[in-house]
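Please look over the sequence and the model shown below, and then follow the paragraphs that come after, which begin with a single residue and move on to the meeting of two chains.

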Protein chains: 2
Amino acid sequence: MVITEVSLRKFTTDVFLAMGCNAAHAQLAADVLLKADLRGIDSHGVARLTGYVRLWEKKRINAQPNIQVVHQTATTATVDGDAGLGLVTAPFAMQLAIEKAKQFGSGWVAVRNSNHFGIAGYHALMAVEQDMIGFAVTNASPLVVPTFSNERMLGTNPICYGFPAGQYPPVVIDMATSAAANGKLEIAQRAGNAVPEGWIQDKDGGYTTDPFALKSGGALLPLGSDRDHGSHKGFGLASVVDILSGVLSGANYGPWVPPFVAFLEPSANPVGEGIGHFVGAMRIDGFRPADDFKSHMDNWITRFKSASRIDEQQGVVIPGEPEYEAEIDRRQNGIPLVDAVVADLNEVAGKLNVSPLTT
Amino acid sequence: MVITEVSLRKFTTDVFLAMGCNAAHAQLAADVLLKADLRGIDSHGVARLTGYVRLWEKKRINAQPNIQVVHQTATTATVDGDAGLGLVTAPFAMQLAIEKAKQFGSGWVAVRNSNHFGIAGYHALMAVEQDMIGFAVTNASPLVVPTFSNERMLGTNPICYGFPAGQYPPVVIDMATSAAANGKLEIAQRAGNAVPEGWIQDKDGGYTTDPFALKSGGALLPLGSDRDHGSHKGFGLASVVDILSGVLSGANYGPWVPPFVAFLEPSANPVGEGIGHFVGAMRIDGFRPADDFKSHMDNWITRFKSASRIDEQQGVVIPGEPEYEAEIDRRQNGIPLVDAVVADLNEVAGKLNVSPLTT
């Protein structure tokens, strides 16, 4: 099923309204999810909407949060999300970071007591639109092992940096710190295909290419896959994200991070509140005139695109460019949804008295 | 040869003094190099000293730089290093970031027109000692390919984050964004051993385990090694470092970054000045009381150290802990130097009328 941006946006907004979100929050949350679908990051778009609804049904998401700044200096702050949608609390935090950056050059905001915030790129791009460098990270349900362990201790903890360019679209690095994203594993599971070695390990920490190993006690591997190839670096990066998002904000961290899926219960002895995010913004013209920066960014991009190729058919991919192209295409031609997602969404819509999806 | 910290520090300071550095700069530059040797990062310590001397002989390092802040806001700045030692310009920049953070919560400083800055961890730890989160990155001589390319476009571009803890030593993530550091390759070359697949590629972008492939036109691979295992993420991280260090500061970037080795000439058409760094500091108490943070850091560390093990003999390694233990050991028992390094150092010392190394 291919659905227009307008229809999907209305449907998604209606679901959030039915959960009790106010109009501004419903529109914002829908905007964050739609941005993922438009940019071709299907695993983080409306496919997750029913997950949010199930957490709300379990009272783990508060649709009417009182989001508050609980601690701040001129350029730093901690926000308590009051168990609200991360789709709402993270943009709130980034807006605060941007205001601080406008006044003082940079702004950095930690968020606790939150939930899954969608794609990190949405938040970083808020800063990029203001001629700032945007930064966004979040911790997440423990699925990833540290090097040498067979215990799930970390989430896929994404890191995102966004940089404005001139003639080119922004450069956006938005990456899980695991070797493979969970979404890729799900694709292999649906197809029944083996996954490359180095993506996952079995419950004993042994070698496996079975995409279902995660469901029988296995785990995702950090970026680098094994010690020889730098898995300690992927573990280190995931740790940075966990510390900034969880330890700094007062959220949970490590194995205490509450699971995204509603059928798993959060820890009975949490070390903080909810999950955590950390976002930041730095004014480009705090370092050099923005036009100088952007023209050098264009030069950087041009030069990397022209780097010599191993295979003539495949050039260097500038981070963020495929997503930008998907966005242009999908705004015009609509967003493809797989049948299972459509059925899932319509089932939830029925329960909430929301009109079903239409093309 | 095992040499005491005191002797090695005096020797190193004397070499910098002989280059014409003032006393404060010579002591600081020696302190940065010694810190690498003490922490067991031998590739970045005094083993590099003769490299700095050779660049100075070629007039590519200015021993008497006029380091200047050329642009700033309350919490951001750009520093021109006047072609000085990165061992001096980077601490200058971090000190400025710390001062800004003391006043406004955070501080971020880009450096252009600099040279190799030693271990990133030194600079990040300056902030950690002030109960701040420290951040330090630098671009470097192009040795690493982007995914899908066989052209060296990026340095091993390290990323470092440092976090203070309470009872434990600071957590310090200090990592090259390539699959393997160049130093590991050099060890394999000396031993004549094949390297694991996924560290390097040959000049055509093909598979190789030959440690000498880099000397015949090959290149280092980004963290992740190949596209299936996330090399686009390693490429993305190296790009973040290059943009923050080079494009933002007005230094060179990508393939224009001047080589560290004196026998290779810099580009005749540079896009900026020298190499670039980017450092930052954020006050912990800008987010939550520092004691709360540190006690949760201790809890984080304790929990990760107790994560279940694949092999009973090998627990999870907390980033920064092995280096901390090396520092305690080497301060007490001295610093081991391999014969080739000692010979190289004494040769340079002879030219500069500096007394040779003594235990």
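In this predicted model, leaving aside residues up to four places away in sequence, Thr89(A) touches Ile67(A), Gly81(A), Gly84(A), Val111(A), Ser114(A) and His277(A). Thr89(A) itself lies in helix α4 of chain A, which spans residues 86-104. One of the residues it touches, Ser114(A), is also joined to Thr89(A) through their side chains, by a polar contact of 2.7 Å. Because its relative accessibility is 0%, Thr89(A) counts as buried, the cut-off for that term being under 20%.

In chain A, 91 residues are in contact with 92 residues of chain B, and between them the two chains bury about 7300 Å², of which 67% is on carbon and sulfur atoms. On the side of chain A, the residues that lose the most area to chain B are Phe148(A), Lys233(A) and Phe287(A), which together account for 10% of what that side buries.

Across it the rule finds two salt bridges, and in a salt bridge the side chains of Glu151(A) and Arg303(B) meet at 2.5 Å, N to O.

Note on methods:
Residues are numbered from 1 along each chain as its sequence is written. Chains are lettered from A and ligands numbered from 1 in the order in which they are written. This is a predicted model: local features need pLDDT of at least 70, side-chain atom pairs count only at pLDDT 80 or more; totals for chains, interfaces and linings use all residues. Side-chain values use heavy atoms; hydrogens and water are left out. Contact means heavy atoms within 4.5 Å. Buried area is the accessible area (1.4 Å probe) that two parts lose on being put together, summed over both. A salt bridge is a side-chain nitrogen of Lys or Arg within 4 Å of a carboxyl oxygen of Asp or Glu. Helices (H or I, at least four residues) and strands (E, at least two) are DSSP runs, numbered from the N terminus. Buried means under 20% relative accessible area, exposed over 50%, partly exposed in between (1.4 Å probe, protein chains only). A polar contact is a pair of N or O atoms within 3.5 Å; within protein, one must be able to donate a hydrogen and the other to accept it, and residues adjacent in sequence count only if both atoms are side-chain atoms.
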